[in-house]
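Here are my notes on this one, as numbered points. Keep the 3D view open while you read.

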There are 2 protein chains.
Amino acid sequence: MNKKPLILVTNDDGIVAPGIKALVDIVKEFGEVVVLAPDSPQSGKGHAITLNQPLRMKKRDIFEDIESYECDGTPADCVKLAKNVLLRDRTIDLCVSGINHGSNASINILYSGTMSAAMEASLENIDSVGFSLLDFAFEADFSGAQKVARSIIGNILKEGLRGTKLLNVNIPKLPVEEIKGIKICTQASGMWIEDFQKGEDPRGEEYYWLSGKFIVDEEHKDTDIYWLNQGYASVVPSQHDLTHYKSIAGLGYLEDL
Amino acid sequence: MNKKPLILVTNDDGIVAPGIKALVDIVKEFGEVVVLAPDSPQSGKGHAITLNQPLRMKKRDIFEDIESYECDGTPADCVKLAKNVLLRDRTIDLCVSGINHGSNASINILYSGTMSAAMEASLENIDSVGFSLLDFAFEADFSGAQKVARSIIGNILKEGLRGTKLLNVNIPKLPVEEIKGIKICTQASGMWIEDFQKGEDPRGEEYYWLSGKFIVDEEHKDTDIYWLNQGYASVVPSQHDLTHYKSIAGLGYLEDL
């Protein structure tokens with residue numbers, strides 16, 4: 001790539017989250033950076049898009065010398081606006097989303113606004129990477145995640161992103177010197193065991209508040225959660241084709257009408 | 001299945017949409033039906049879940065002789081509440097979502113609240129089917145979709161759902177007698193070409209409103225959109241593992257740290 005690459009940055013924790021600042025500080029070493037991110041936290045918003053309301057986009061002066069905008073929509077909305085309005089006459093070379101405060105390993109990719117923004121960019125044919133740190137804290141230490149992001153982004157800009165358009169990168173909650181390396185791997189099977197907290201609001205109305213713990217299938221070794229537990233950052237090449245090809249041949253009995 | 005199966009019904013157009021009524025009218029022929037659906041339209045909400053607010057669930061008397069509840073969350077929230085609160089001591093034999101007013105073929109599965117509810121049930125290990133009619137109209141004719149749903153649900157309850165936990169079923173907008181049959185097929189490649197409508201609100205503030213048209217890759221024949229265009233209902237067995245296995249071997253260059 002001879003010209004300076006154009007890199008779009010977004011996230012789901014909102015434009016003022018420390019995680020996006022940590023990511024901007026890395027990508028600005030590599031090219032021209034434009035930020036378009038939600039104006040409020042959008043965790044767990046999945047691949048939601050805004051159909052029935054208009055979106056607002058405003059220039060914000062948040063990152064030194066970086067063009068940045070906030071939008072009142074979802075992470076996927078941000079990417080659509082960036083591609084089709086803000087940067088419509090330019091080619092986005094790479095989209096990075098994050099650094100998320102919290103894990104998006106295993107099936108959490110499905111609930112994740114961070115990963116859905118990256119997925120949306122991949123649907124628009126833009127190479128795209130979501131970065132997530134396994135630490136929910138607002139004041140998390142992003143230095144290990146920054147080291148991993150610098151390495152992966154550098155390699156993608158040098159070599160291209162081969163054979164896929166989308167990476168789900170998770171980084172363990174470890175001091176930077178204790179991260180053992182990076183592993184290309186598969187999405188772990190797992191599920192949430194939910195435990196809604198039942199309560200009463202100040203007006204005596206019942207409510208249910210989602211809580212739960214995550215159970216992972218530990219039988220398989222080459223998964224994101226396996227390697228994260230071993231102290232490695234995980235990289236899962238991901239895709240938007242949800243077809244379960246293996247089951248097609250056996251489903252002919254459903255074709256009777 | 002000897003005992004009467006327990007069937008959970010949800011949707012994303014809201015509990016008062018005609019599509020869910022059309023689906024309830026079919027499933028009640030097959031078993032005990034419980035409805036838990038959003039209290040407002042949730043189209044395009046993808047796999048969003050509600051983390052930072054409590055949920056409210058209220059009994060509603062909408063469908064004759066059918067136990068039904070509404071919830072102020074997303075479609076995926078409805079399934080989590082049904083599984084873990086409302087029906088926590090029982091086994092849900094099948095979850096059906098829809099009938100959606102509008103297509104969820106191709107990549108639209110990713111944006112779809114209807115399909116995300118079904119996906120959520122499949123993550124909870126419940127056989128699950130999302131039904132969508134290619135007609136956005138509130139007053140759409142659901143008789144063709146009902147015929148397809150009756151056939152598929154009957155076959156699943158008789159034979160089980162083999163090799164997959166999740167089906168994405170779309171039905172063409174045709175009079176019931178013109179639907180040619182049902183085809184098991186793959187998710188079509190396609191993309192939205194967006195065209196945001198730019199406007200000014202009554203206070204002179206700029207807004208952008210999402211619009212666009214869908215472009216499908218017509219090279220492949222065995223896809224949902226191909227068969228829908230031929231007058232068939234499409235059934236795509238779907239999954240939650242987004243790993244792009246084919247690209248794993250070629251991504252070793254990203255492991256350098």
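1. Let's start with a helix pair in chain A: H2(A) and H4(A) cross in a right-handed way (right-handed means the near helix is turned clockwise from the far one by less than a right angle, left-handed anticlockwise). The residues making this contact are A:Pro75, A:Ala76, A:Cys78, A:Val79 and A:Lys80 on H2(A), and A:Gly113, A:Thr114, A:Ser116, A:Ala117, A:Glu120 and A:Ala121 on H4(A). Here, contact means C-beta atoms, placed from the backbone, within 7 Å. Sorted by class, that is six nonpolar, three polar and two charged residues. Nonpolar covers Ala, Val, Leu, Ile, Met, Phe, Trp, Tyr, Cys and Pro; charged covers Asp, Glu, Lys and Arg; the others, Gly among them, are polar.

2. Before going on, some housekeeping. This is a predicted model, where local features need pLDDT of at least 70 and side-chain atom pairs count only at pLDDT 80 or more, while totals for chains, interfaces and linings use all residues. Residues are numbered from 1 along each chain as its sequence is written, and chains are lettered from A and ligands numbered from 1 in the order in which they are written. Helices (H or I, at least four residues) and strands (E, at least two) are DSSP runs, numbered from the N terminus.

3. How do the two chains relate?

4. Now look at where they touch: 68 residues of chain B are in contact with 67 residues of chain A. H4(B) gives the largest share of chain B's side, five residues. That side divides into 33 nonpolar, 22 polar and 13 charged residues. Since 99% of the interface residues of chain B are also interface residues in chain A, the copies meet through the same surface.

5. Chain B also has an open sheet of nine strands, ordered E3-E4-E2-E1-E5-E6-E7-E13-E8, with mixed pairing (strands pair if DSSP finds at least two bridges between them). E3 (57-60) and E8 stand at the edges with a single partner strand each, so one side of each has no neighbour in the sheet.

6. B:Val9 stands opposite B:Val96 in E5(B).

Note on methods
Contact = placed C-beta atoms within 7 Å.
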